[in-house]
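Subject: Structure handover and findings

Dear colleague,

Please find below the structure that I am handing over to you. My notes on it follow directly after.

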Amino acid sequence: MNQVDENLWSCLHLASYLGHSEIVELLLKDYRVDVNLGTDDGSTALYLACQEGNTEVVKLLSMNERVDVNKAMIYQIQPISVACMFDHVTAVKWLIASGRIMLNKGFERGVKNHTTKYIEEFSQNPELGIRKMRVELGVLGFFSFSFFFFFLFSFFFFFLFLFRL
């Protein structure tokens, strides 16, 4: 049941990615299936379903008690974040409806207060809340990326000046 290919994808990963809700439902009934198994980049079946916008699969997985709805991939992005980034409103609704979202794990640490605010807005106006959350995550990523290169070039020029090459 948990056999994987060279990228560590199981049959549950593939069914979730492709949106085969009937297969996912059958696999969830078998307790031998590791529902939180990560691929080579740490993506879970729920993460892949959120990424692709397969809302029926997201519903099945997020309502299953064995599935960790907060498990982040290796880049510390949670399923709710990827659903927001790709504008999959219904997927976000199902994740919130699970009642198990914890915003203090993984990538959300830096935007916890904003994410909480957007989830509150989302419950009142789904389209506006998800748009704001996606913009905030994008801005945060841009500034983190910019800071990294500023830091890298500062060290480069510091050593260049120090050794006067």
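A residue counts as buried when its relative accessible area is under 20%. Asn 36 has a relative accessible area of 19% and is therefore buried. Please note that the structure is a predicted model, and that every value in this message was computed from it.

**Overall composition**

The protein chain contains eight helices and zero strands. Read from the N terminus, its elements follow the order α-α-α-α-α-α-α-α. The chain has 165 residues, of which 38% count as buried. Its accessible surface amounts to about 9,800 Å², and carbon and sulfur atoms account for 62% of that surface. Considering contacts between residues at least 6 apart in sequence, 68% link residues that are at least 24 apart.

**The segment before helix 1**

Leu 8 is located in the segment that precedes helix 1. Most residues other than glycine have a negative phi. Leu 8, although not a glycine, has a positive phi of about 65°. With a relative accessible area of 37%, Leu 8 is partly exposed.

**Helix 1 against helix 2**

Two packed helices are described by the angle between their axes and the distance between the axes. For helix 1 (residues 11-18) and helix 2 (residues 21-29), the angle is about 145° and the axes are 8 Å apart. The two helices cross in a left-handed sense. On the side of helix 1, the contact involves Cys 11, Leu 12, Ala 15 and Ser 16, while helix 2 contributes Ile 23, Val 24 and Leu 27. By class, six of these contact residues are nonpolar, one is polar and none is charged.

Leu 28 belongs to helix 2. Its relative accessibility is 8%, so Leu 28 counts as buried. Which residues does Leu 28 touch, not counting those up to four places away in sequence? They are Val 35, Leu 60, Leu 61, Asn 64 and Arg 66. Leu 28 and Val 67 are 39 residues apart along the chain, and their C-alpha atoms are separated by 9.4 Å.

Leaving aside neighbours within four places in sequence, Asn 36 contacts Thr 44, Arg 66, Val 67, Asp 68 and Lys 71. One of these partners, Asp 68, is 32 residues from Asn 36 along the chain, with 6.5 Å between the two C-alpha atoms. Arg 66 is among the contacts of Leu 28 and also among those of Asn 36.

How many of the eight residues of helix 3 are buried? Six of them are, so helix 3 is largely enclosed by the rest of the structure. The buried residues of helix 3 are Ala 45, Leu 46, Tyr 47, Leu 48, Ala 49 and Cys 50. Their cover includes helix 1, helix 4, helix 5 (79-85) and helix 6 (89-97).

The packing of helix 3 (residues 45-52) on helix 4 (residues 55-62) has an angle of about 150°, and the axes are 8 Å apart. Helix 3 and helix 4 are therefore roughly antiparallel to each other, since angles over 145 degrees are counted in that class. The crossing of helix 3 and helix 4 is left-handed. In this contact, Ala 45, Leu 46, Ala 49 and Cys 50 of helix 3 meet Val 57, Val 58, Leu 61 and Ser 62 of helix 4. The contact divides into seven nonpolar residues, one polar residue and no charged residues. Leu 61, from the helix 4 side of this contact, is also touched by Leu 28.

Just after helix 3, Gly 53 adopts a positive phi of about 75°.

**Helix 6**

Thr 90 is found in helix 6. Its relative accessibility of 37% means that Thr 90 counts as partly exposed. Thr 90 and Thr 55 are 35 residues apart along the chain, and their C-alpha atoms are 6.2 Å from each other.

Yours sincerely

Definitions and conventions:
Residues numbered from 1 in each chain as written. Predicted model: local features only at pLDDT ≥ 70, side-chain atom pairs only at ≥ 80, totals over all residues. Heavy atoms only, no water. Axes fitted to C-alpha atoms, helices over the stretch in contact; angles between N-to-C directions. Helix = DSSP H or I, 4+ residues; strand = E, 2+ residues; numbered from the N terminus. Left-handed = near helix turned anticlockwise from the far one by under 90°. Contact = heavy atoms within 4.5 Å. Nonpolar A, V, L, I, M, F, W, Y, C, P; charged D, E, K, R; others polar. Buried < 20%, exposed > 50% of the residue type's maximum accessible area, 1.4 Å probe, protein only. Areas by Shrake-Rupley, 256 points an atom, 1.4 Å probe, with all protein chains shown as cover. Parallel < 35°, antiparallel > 145°, perpendicular 65-115°, else oblique.
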